[in-house]
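I opened the model today to look up a handful of residues and helices. My notes are below the structure.

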Amino acid sequence: DLLRLMLTLLFLFLFISFLSCISGVERKMLTDGEYISRERTSTINGFFIWIVFACHLSQYTSDYLMCDAWITRLLMTLGQCIVATFFFFSGYGIMSSLRNKEGYASQLVKKRFLSLLLHMSLAVMLFYVVHLWYGREYECLTVFMSFFGWRSIGNSNWFIFVTLLSYLFITLSYRLCRRFGEFAIVVGVAVLFAVYVILARYRGGWWVDTCMCIPAGMLFFIWRPTIEKILNGLRMPVWLIGVLMVALGWKIYGVHFLLVYSNIPTVIFAMGVCLTFSCIRMRKIPAFLSWSGGPALFTLYIFQRIPMIIGVNEGLKDSYPQVYILCCLLGTLFLGWLGMKFFSALDKLIFRVKDNKVH
């Protein structure tokens with residue numbers, strides 16, 4: 001039907017836009033670090049943010065989104081693996097900046113933490129206005145806690161909460177452990193997140209089952225030369241190792257409940273994605289995917305529920321489900337673009353930064 005076609009066309013477009021930019025596939029990892037550049041990782045995250053969109057959309061359109069369709073079942077079995085690369089690449093990028101940018105640890109709190117907190121607070125207020133328009137009110141405490149992501153008023157929240165927490169944990173660990181070396185910093189971050197996992201389990205598995213991807217990404221930055229040397233010395237193509245790791249992480253996540261809390265599946269999955277793409281040479285960066293997973297990542301993520309909520313309250317979901325899906329897609333793109341422009345200008349005015357990124 002039309003709904004199945006719309007989802008299929010969306011992901012077909014993403015695949016084609018990526019494949020059209022590939023110039024070749026090597027057996028070994030690209031040792032120049034090209035595969036882990038901001039543009040490349042943004043491209044990968046750009047694909048996953050649209051999987052997040054499809055999964056969130058299914059929460060509002062379960063009666064219409066072909067629950068028996070292969071693409072829906074496929075997305076649902078991925079679980080929290082769909083955000084694993086966000087945290088993994090974030091940890092890698094932050095560790096790189098800690099080594100190469102003087103005073104970056106202070107900027108994590110003074111700029112990135114406060115910037116993200118401001119963006120989240122303004123986004124929550126927009127959600128509050130939308131709900132107020134349709135006659136639903138929230139207590140002041142609920143709204144306030146939503147600014148940090150601990151509570152929600154219809155917006156996505158846990159991912160932002162963990163991101164904010166990571167900035168604090170990394171800064172604290174850097175201050176306490178930097179005299180003992182970079183590895184000690186990563187261990188400190190992992191210990192702090194382990195405490196968080198224990199304390200926050202009651203919130204649900206999705207609150208805790210990807211956070212260790214952050215120290216894993218930091219560790220990959222430290223050990224990348226050694227990892228590349230070892231893997232490139234194997235007879236098996238590195239991209240095949242990556243594919244097998246993706247499959248393993250995906251399988252473990254789906255069948256072993258206890259391992260979800262230990263973050264093992266999501267770390268394996270994120271590392272597998274990284275290795276898979278480490279062998280691919282790109283003749284150019286796919287602009288839409290790079291935009292989706294880079295400068296527009298936060299706004300696409302946080303605002304995508306706005307058109308979904310509006311469409312439900314206006315009756316589009318029940319009366320015209322096809323139109324509802326299309327409006328959600330176009331509305332997400334528009335809000336993502338508009339929010340990116342607004343927050344970018346706001347950051348330049350307040351924090352004097354060049355761009356706004358969640359990771």
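**Entry 1: Thr41.** I am working with a predicted model. I started with Thr41, which sits in helix 2, residues 38-60. Is Thr41 buried or exposed? I count Thr41 as buried because its relative accessible area is 6%, and the cut-off for buried is under 20%. Next I listed contacts, leaving aside neighbours within four places in sequence. Thr41 is in contact with Tyr35, Ile36 and Phe89.

**Entry 2: the nonpolar core.** Which residues have the most contacts inside the largest nonpolar core? I found Phe88, Ile160, Phe193 and Tyr196. This core has 114 residues. I followed up on Phe88.

**Entry 3: a surface patch.** I looked for nonpolar side chains on the outside. Phe183, Val187, Val191, Val195, Ile198, Leu199 and Trp223 form a nonpolar patch on the surface. Together they have about 690 Å² of accessible area. Which helix gives the largest share of the patch? I noted helix 8, residues 182-200, with 6 residues. An α-helix has 3.6 residues a turn, so residues three or four places apart point the same way.

**Entry 4: Lys111.** I moved on to helix 5, residues 104-133, where Lys111 lies. Its relative accessible area is 28%, so I put Lys111 down as partly exposed. I also took a distance from Lys111 to Gly188. Their C-alpha atoms are separated by 22 Å. Along the chain the two are 77 residues apart.

**Entry 5: helix 15.** Which residues of helix 15 are buried? In this helix, residues 305-313, I found Arg305, Ile306, Pro307, Met308, Ile309 and Gly311 buried. I then asked what covers them. The cover includes helix 2 and helix 5. It also includes helix 14 (297-303), helix 16 (316-319) and helix 17 (321-350). Last, I checked what comes after the helix. Helix 15 is followed by Gly315, and the phi of Gly315 is positive, near 85 degrees.

Technical notes
Residues numbered from 1 in each chain as written. Predicted model: local features only at pLDDT ≥ 70, side-chain atom pairs only at ≥ 80, totals over all residues. Heavy atoms only, no water. Helix = DSSP H or I, 4+ residues; strand = E, 2+ residues; numbered from the N terminus. Buried < 20%, exposed > 50% of the residue type's maximum accessible area, 1.4 Å probe, protein only. Contact = heavy atoms within 4.5 Å. Patch = residues over 30% accessible without salt bridge, like charges linked within 9 Å, V, L, I, M, F, W, Y side chains within 5 Å. Areas by Shrake-Rupley, 256 points an atom, 1.4 Å probe, with all protein chains shown as cover. Salt bridge = Lys/Arg side-chain N within 4 Å of Asp/Glu carboxyl O. Core = buried A, V, L, I, M, F, W, Y, C linked by side-chain atoms within 4.5 Å.
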